[in-house]
Amino acid sequence: MKPSNCKMVALIAAVLCVMALLPSTAAAARGEKAAPPWNVQVDEVQLGDVALPPDFRMAIYEEIVEELVKGKQFGSVYRSGDKTADGVPNLLILKTTMRKYSAGNETQRAVTTVSGATKLNVRSQLFTRDGKLVLEYFIDGNVRFMGSNLHATHVLAHNVAVTLKRSTLPEPGASGGGR
Amino acid sequence: MNHNFVAGKVRLTLLLAALVLLCTAVASAQAAGESSTSTTVTHVMGLQGVHNNTNGKLTITTSGLDFQPGSGASGQISIASIRDIFVGSEDRQVGGVPMMMGKAAIPYSGGRVISLFSHKKYDSLTVQYTDANGGLHGAIFRIARGEGSAYRQELVAKGAHASPVPEAEKPATQEVKNETK
């Protein structure tokens, strides 16, 4: 075999080796994404001093659980009171407290366009199991034009999930986090 | 002789009719024993294993609340798992997206006038319950106006836990009615 041919074979072998390694590194990266380090437990919505109808209160809670499951940011999403969450490591607790609620009117919205909006504003806080605050946000959810009043809870929950996804969570081992 | 034959036929018909009526009464009594409240409702959200915004039949059975949608999986809430029951009211525009598109197509904002009349009031029944692991759930149903309280009362009568209704939400008493006269 000529020396030039040997070089060519060696080069092709090297390229093949690199190509074989690339998918495994990509898979490793994918694997890291597939297993998020944190789990979350969604607490019941706290009313504070806001007079919120019970159906809105439960709808916010249900929608937040649904949106967090859909977002896949957390390994597992647990409901308030779920006993299976007791032994789970790296658990964050999402607390939602009502700040403002303006009751809307769907008919008023349909007739006037500019009035009758349903407005919700909450404080979302992520705590570690030992009560350390990791994140805190004030989030809105409004229905201004089309849709039922209860749709505001969906908008709010979607905004909560998006905000949490955009924020940087600390490493599970590290204490505390950004605010 | 012919007269007797006709009279016999009439008697037989009457007897058969009475038998049918009796059977119907017995069947309805049995059904009432199983479930006294059952209407078509919309499951808005929160019932495990059931799609959101599904129409179906909500029945109170001896074991709890049973939702049977037109198609797909059904959902049950046992009496023991119920933490609280709330009844509210809501006002919605009827017709959904087709109606909305139709209203938008009417020139000179004529759709707005239709919106004034195309709304309907509903009751919302919110049932707070826990699953087998103790996780909290909240099932919300949209039901015909005035039926929410009946569901609540019957569930409470069957042993479901429900916090007392605040005074402000209770219907006006007779004394108040007399004052307005």
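Me: What makes the meeting of the side chains of Glu44(A) and Arg83(B) a salt bridge?

Reply: Happy to walk through that one, keeping in mind that this is a predicted model. The side chains of Glu44(A) and Arg83(B) come to 3.5 Å, N to O. The rule asks for a side-chain nitrogen of Lys or Arg within 4 Å of a carboxyl oxygen of Asp or Glu. The pair Glu44(A) and Arg83(B) at 3.5 Å therefore counts as a salt bridge.

Me: How many salt bridges does the rule find across the interface of chain A and chain B?

Reply: The rule finds 1 across that interface. Polar contacts are counted by another rule, and 12 residue pairs qualify there, both residues at pLDDT 80 or more.

Me: Which elements of chain A give two or more residues to the side that touches chain B?

Reply: Those elements are H2 and helix H3 (106–112) of chain A. H2(A) gives the most, with 8 residues. Sorted by class, this side of chain A has 8 nonpolar, 7 polar and 9 charged residues.

Me: How do you know that chain A and chain B are in contact?

Reply: Contact means heavy atoms within 4.5 Å. By that cut-off, 24 residues of chain A are in contact with 25 residues of chain B.

Me: What area do chain A and chain B bury between them?

Reply: About 2,100 Å², with 56% of it on carbon and sulfur atoms. Met58(A), Thr107(A) and Val111(A) supply 23% of the area that chain A buries against chain B, more than any other three residues.

Me: Now to chain A itself. How do its elements run from the N terminus on?

Reply: The order is α-β-α-β-β-α-β-β-α, which comes to 4 helices and 5 strands.

Me: What span is expected of helix H4 of chain A, and what does the helix reach?

Reply: H4 (residues 151–166) has 16 residues. The expected span is 1.5 Å times one less than the number of residues, so for this helix 22 Å is expected. From first C-alpha to last, H4 reaches 23 Å, close to that value.

Me: Why are some residues of H4(A) called buried, and which are they?

Reply: A residue is called buried because its relative accessible area is under 20%. In H4(A), that gives Ala152(A), Thr153(A), Leu156(A), Ala157(A), Val160(A), Ala161(A) and Leu164(A). What covers these residues includes helix H2 (54–71) and strands S3 (91–102), S4 (118–128) and S5 (133–143) of chain A. Across the 179 residues of chain A, 41% count as buried.

Note on methods: Residues are numbered from 1 along each chain as its sequence is written. Chains are lettered from A and ligands numbered from 1 in the order in which they are written. This is a predicted model: local features need pLDDT of at least 70, side-chain atom pairs count only at pLDDT 80 or more; totals for chains, interfaces and linings use all residues. Side-chain values use heavy atoms; hydrogens and water are left out. Buried means under 20% relative accessible area, exposed over 50%, partly exposed in between (1.4 Å probe, protein chains only). Buried area is the accessible area (1.4 Å probe) that two parts lose on being put together, summed over both. A polar contact is a pair of N or O atoms within 3.5 Å; within protein, one must be able to donate a hydrogen and the other to accept it, and residues adjacent in sequence count only if both atoms are side-chain atoms. Ala, Val, Leu, Ile, Met, Phe, Trp, Tyr, Cys and Pro count as nonpolar, Asp, Glu, Lys and Arg as charged, and the others, Gly among them, as polar.
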